[in-house]
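Here are my notes on the model you sent over. Please read them beside the coordinates and tell me where you would look further.

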Amino acid sequence: MTDKNASTSRKYLKPPVTEVGVLGWLRENLFNNWFNSLLTILTIYSLFLVIPPLIKWAFVDSLWFSDAAACRDIDGACWSIIPANARFIFFGFFPEDQQWRPLTAMILLLALVLYSQNRRSWNKLLFPIWTAGLFVMGWLMHGGLGLPVVETAKWSGLPLTLMLSLFGMVGAYPLGVLLALGRQSRLPAIKSLCVVYIELIRGVPLISMLFMSSIMFPLFLPEGITIDKVLRAQVAIIIFTAAYIAEVVRGGLQAITKGQYEAADSLGLNYGQAMRLIILPQALKIVIPPTVGILISAFKDTSLVVIIALYDVLKTTKVTLSNPKWMGYSSEAYLFLAVLYFIFCYAMSNYSRKLEKALHTGR
Amino acid sequence: MTDTTAQKTDATIDQPIIELIGMHKWYGDFHVLSDINLKVARRERIVICGPSGSGKSTMIRCINRLEEHQRGRIIVDGIELTNDIKNIEKVRTEVGMVFQHFNLFPHLTILENLTLGPIWVRKEPKKEAEETAMMFLEKVKIAEQAKKYPGQLSGGQQQRVAIARSLCMRPNVMLFDEPTSALDPEMVKEVLDVMIDLADEGMTMLVVTHEMGFAKSVADRVMFMDEGQIVEENTPHEFFDNPQNERTKLFLSQIL
């Protein structure tokens, strides 16, 4: 702390300069020997072959807001398929005059997510705010209390994707943490229950879980009782994702040294307090990167619900493509979907990096 | 708070604050501690030394139940350690512990490290806990670091914070498990100084250490352990100048 001032006789030199300016950088990194120079030239040439036609197709020769007939006469991309069918792609079979409701619900959902990404809003208010938000969303989607009822069978498009993923994550995360703790339990019954759960679920593909939830599960229910199909898919996604989260969290728990448990014990904290205040905050922080990996793949995996005839945003796009008017523009449609998925996934991974930085406390 | 402690001290002044009676411990088949008998009076300072693997750390870790003993009795301030979790938690609030590797909570600031126990275990209001914490940080001469994280402090500073963290729980006994062994040499003194201050204030202390200078100047009794037994115990003066047991003599000749 004080050594800098103490040793005034000591000289501090600048590190040697090895490269100067752009040219120096170019020579150092791209043309430092004949092989690298050759690779650089080849790369530039192939980019030259690919990029201009791509730009021409996507931006110069393309149409953005036309009808289907106009698209037949151009060589470029027909982006018009998206705006022309936006309502169906985004909202699917939700009654057209009521589509403001899923739109509002989605905006509300995004607002809630944006609000809670700020760590300063992680306080006692967060839970009631989410509860209220979810209640309003449920009311908007389902109706009642003055709004016409829309059955869940008609929920489709982007709201369905977002809801399945968000509630999938929010439900799977705590369940996964509990399973990880259970797997470390000293009580044999709890431990083996968790091990069986995790290994069983991880040994089965999500598709088969979805099939089971939609076809087998109703067979076990008493006659006359039905559980909503969307809800069943939602539960299957939660159960599935939780098993993966559990194993990642277990890795984090194992990274915590024995000394931390002992320090917590010697202060007189009980098991719950030690876990909640000392162990989990550290363990969960360590496993942020792999956890976000799982959440991202869970988000993308929601597109598998098409196989039990739920119309998520991927399926509504496919349906649009089967319309004879718009057939043949699948490149445009799928590119659009890719960008849409990318935006959500990138936002997640970006946020996780920020969170990691914010929670970093040295060492 | 102070009133009740005072009354308790008056009533139990002659009773040892820690009593180990015929205590044994095994790790699997390995007999780590054999027939340990120990009485610690209030305000007594005991230094425990011995070769590594002699069971000295294990013994003091049994006193706050970080390790479980299999036979014999351990009584701390009138509370017998049994499997009853209530008793264990009660004993742990009586006994403070300082570890070789500090074991501060890296995700919490220094101040939060200190107030965590008082707030959650002793149920103190946050403001009061913070005042106490600042008082103890002042005492270990590190108050200006309160808002930092443990990772930003030197080893000696971290260990002083660890001592302050234990003191915030207002323990009647402090256990030190090789508190200076993981420190760079130039930081040992700042930690020992804090421990000496603590001893001067009359804290009951059990210290496992190889700092013989500390033992000579502070301890009321020095104990030598080997192969899971207390081989010799005496006043520091007698212990260092006139050791009785051959193993003690050998050990002292090697470390002094």
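The points below go from the whole of one chain down to single residues.

1. Ground rules. This is a predicted model, in which local features need pLDDT of at least 70, side-chain atom pairs count only at pLDDT 80 or more, and totals for chains, interfaces and linings use all residues. Residues are numbered from 1 along each chain as its sequence is written, chains are lettered from A and ligands numbered from 1 in the order in which they are written, and side-chain values use heavy atoms, with hydrogens and water left out.

2. Fold and overall form of chain A. Chain A has 16 helices and zero strands; helices are DSSP runs of H or I with at least four residues, strands are runs of E with at least two, and both are numbered from the N terminus. Its radius of gyration is 27 Å, whereas a compact globule of 363 residues would have one near 21 Å. That radius is taken over C-alpha atoms, and the globule rule is 2.2 Å times the number of residues to the power 0.38. Along the principal axes, the C-alpha atoms of chain A fill a box of roughly 80 × 65 × 40 Å.

3. Domains of chain A. The division is into domain 1 (17–57) and domain 2 (81–94 + 150–359), with bounds from an automatic or database domain assignment. The C-alpha centres of these two domains of chain A lie 42 Å apart. A residue pair gives another distance: A:Ser330 and A:Gly21 are 309 residues apart in sequence and 46 Å apart in space, C-alpha to C-alpha. A:Ser330 sits in helix α16 (residues 330–359) of chain A.

4. Burial and surface of chain A. Of the 363 residues in chain A, 39% are buried (buried means under 20% relative accessible area, exposed over 50%, partly exposed in between, with a 1.4 Å probe and protein chains only). A:Ser330 counts as partly exposed because its relative accessibility is 31%. The accessible surface of chain A is about 21600 Å², and 69% of it belongs to carbon and sulfur atoms.

5. Helix α12 of chain A. Which residues are buried in helix α12 (residues 258–266) of chain A? They are A:Gly259, A:Gln260, A:Glu262, A:Ala263, A:Ala264 and A:Ser266. The buried residues of α12(A) pack against α13 (271–286) of chain A and also against α2, α3 (85–94), β6 (95–98) and α6 (155–167) of chain B. After α12(A) comes A:Gly268, with a positive phi near 90 degrees.

6. A buried lysine in chain B. B:Lys56 belongs to helix α2 (residues 56–63) of chain B. Why does B:Lys56 count as buried? Because its relative accessibility is 4%. Leaving aside neighbours within four places in sequence, B:Lys56 is in contact (heavy atoms within 4.5 Å) with B:Ile48, B:Cys49, B:Gly50, B:Pro51, B:Glu178, B:Val208, B:His210 and B:Met225.

7. B:Asp35 is not a glycine, yet has a positive phi of about 50 degrees; B:Asp35 lies in strand β2 (residues 30–40) of chain B. With a relative accessible area of 44%, B:Asp35 is partly exposed. B:Arg43, likewise a residue other than glycine, has a positive phi near 70 degrees. B:Arg43 is found in the loop between β2 and β3 (45–49) of chain B and counts as exposed, at 54% relative accessibility.

How values were computed: Accessible areas come from the Shrake-Rupley method with a 1.4 Å probe; for residues, only the protein chains shown count as cover.
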